[in-house]
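The following note comments on the ligand site.

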Amino acid sequence: MAIKNPVCASLSFVNMFAAHFNETGSSESLHMGEVDIPIITENDVLIQVYASAVNRADILQRQGKYPPPPGKSSILGLEAAAIVHKIGSSVTKWKVGDKVMALCNGGAYAQYVAVNADHVMPIPPNLNYGSAAAIPEAWLTAFQLLHTLGEVKSGETVLIHAAGSGVGTAAIQLAKLAKAVIIATAGTEQKLANSKMYGAEHIICYKKKDFAEEVMSLTNGKGVDLVLDCVGGSYWEKNIKCLAKDGRWILYGLLGGPHVNGNLLGQLLAKRIKLTATTLRSRSDEYKSELVKDFSNKILDHFKNGDFKPVLDSTFSINELPAAHERMEANQNMGKIVLIVKEKDCDEEGKCGLSD
Ligand SMILES: NC(=O)c1ccc[n+]([C@@H]2O[C@H](COP(=O)([O-])OP(=O)(O)OC[C@H]3O[C@@H](n4cnc5c(N)ncnc54)[C@H](OP(=O)(O)O)[C@@H]3O)[C@@H](O)[C@H]2O)c1
């Protein structure tokens, strides 16, 4: 379904189109509406968005289950590939016209978004806007899970759940570069085959097999050193079963619910497991700046030389936002769903090609 008020309609100079939703929280309630162009502070840049991408957090926010942090934009959208349009008075590292990708505190499903200048990275020269929009949220999250929090080491075994997700496809590539042994779980054979292609040694279809038993057999009874877990409730017992002594369990999502019923603490204690829970969106600007800096220094060149590829599932016009959200809600995507916001030569219905 296409939505009303396509982005290409003409606007006054101070206004822009941005995605809105009403209180029903359904995907059909998504629509484009006119709002003021954001005002930047001295440390921000205003970027003109060419592409954004869908994240689970957007769907939860739309459903009223994940409000934006206090003081942040209520417009959906956590990442953007864009051109710098305006710079704050204290910003020295960017200039108008730079091609950038950014981790946003919301607001990226729009023609313009204000972003802290330290949350912005250059687009690797071999990538177009659509591919670049697939990087910030998924890759910074995966990098943080594996390295900043997970402290993965060469030779360690890492269990990556939801391996076909945006975060999972990034985590597999990062873990491979770190020389970890990767065990990936997913719900479809296609997602698993893809995981193997990106670097997983072992793949497990969680719908057909007990992943804890499989992992114990693959690791000769030792278990894994690190689990990247966005499932939570429905996986807790199996995660503990297949973690090694002194293993690390990074919890970063609750797709399988928030509740546990059983001897969680006793089993954590018995194996001396370190459980770390994390969300990126609620982190401070300073934390995000450090993460972006570390990622830029260590990882960006790997996109340039082809070691890493942002995995794109599909591309939608922002005018087709409901369909893009429905695809993710139905767990159909393998990798990122990209939204094209600035489109070349729009036709009368607002349908346009991908800018590069
Ligand atoms: N904490 C943070 O900082 C942070 C940042 C970004 C994302 N996240 C979280 O990370 C997760 C992945 O995000 P994403 O945008 O990359 O997701 P995504 O591309 O939408 O992929 C999620 C996949 O998880 C699998 N899944 C869904 N429900 C499941 C369940 N109950 N049990 C097992 N697998 C299930 C589905 O694949 P199958 O076909 O394999 O079932 C689904 O396609 C989400 O939970 C998101 O909220 C957290």
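This is a predicted model: local features need pLDDT of at least 70, side-chain atom pairs count only at pLDDT 80 or more; totals for chains, interfaces and linings use all residues.

1. Two elements, helix H3 (136-149) and helix H4 (166-177), each give two or more residues to the shell around the ligand.

2. The surrounding shell comprises 24 residues. Arg56, Gly187, Lys191, Tyr206 and Leu280 are the closest of these to the ligand. Classified by residue type, the shell holds 11 nonpolar, 10 polar and 3 charged residues.

3. Both domains take part in the site: domain 1 (16-137 + 310-340) and domain 2 (150-277) each supply at least three residues to the shell around the ligand.

4. An N or O atom in the side chain of Arg56 is 2.7 Å from an oxygen atom of the ligand. For Tyr206, a polar side-chain atom lies 2.5 Å from an oxygen atom of the ligand.

5. The backbone also contributes: a nitrogen atom of the ligand has a backbone N or O atom of Tyr252 at 2.9 Å. As for burial, the ligand taken alone exposes 920 Å², and the protein buries 90% of that area.

Note on methods. Residues are numbered from 1 along each chain as its sequence is written. Side-chain values use heavy atoms; hydrogens and water are left out. A residue is near a molecule or strand if one of its heavy atoms lies within 4 Å of it. A polar contact is a pair of N or O atoms within 3.5 Å; within protein, one must be able to donate a hydrogen and the other to accept it, and residues adjacent in sequence count only if both atoms are side-chain atoms. Accessible areas come from the Shrake-Rupley method with a 1.4 Å probe; for residues, only the protein chains shown count as cover. Helices (H or I, at least four residues) and strands (E, at least two) are DSSP runs, numbered from the N terminus. Ala, Val, Leu, Ile, Met, Phe, Trp, Tyr, Cys and Pro count as nonpolar, Asp, Glu, Lys and Arg as charged, and the others, Gly among them, as polar. Domain bounds come from an automatic or database domain assignment.
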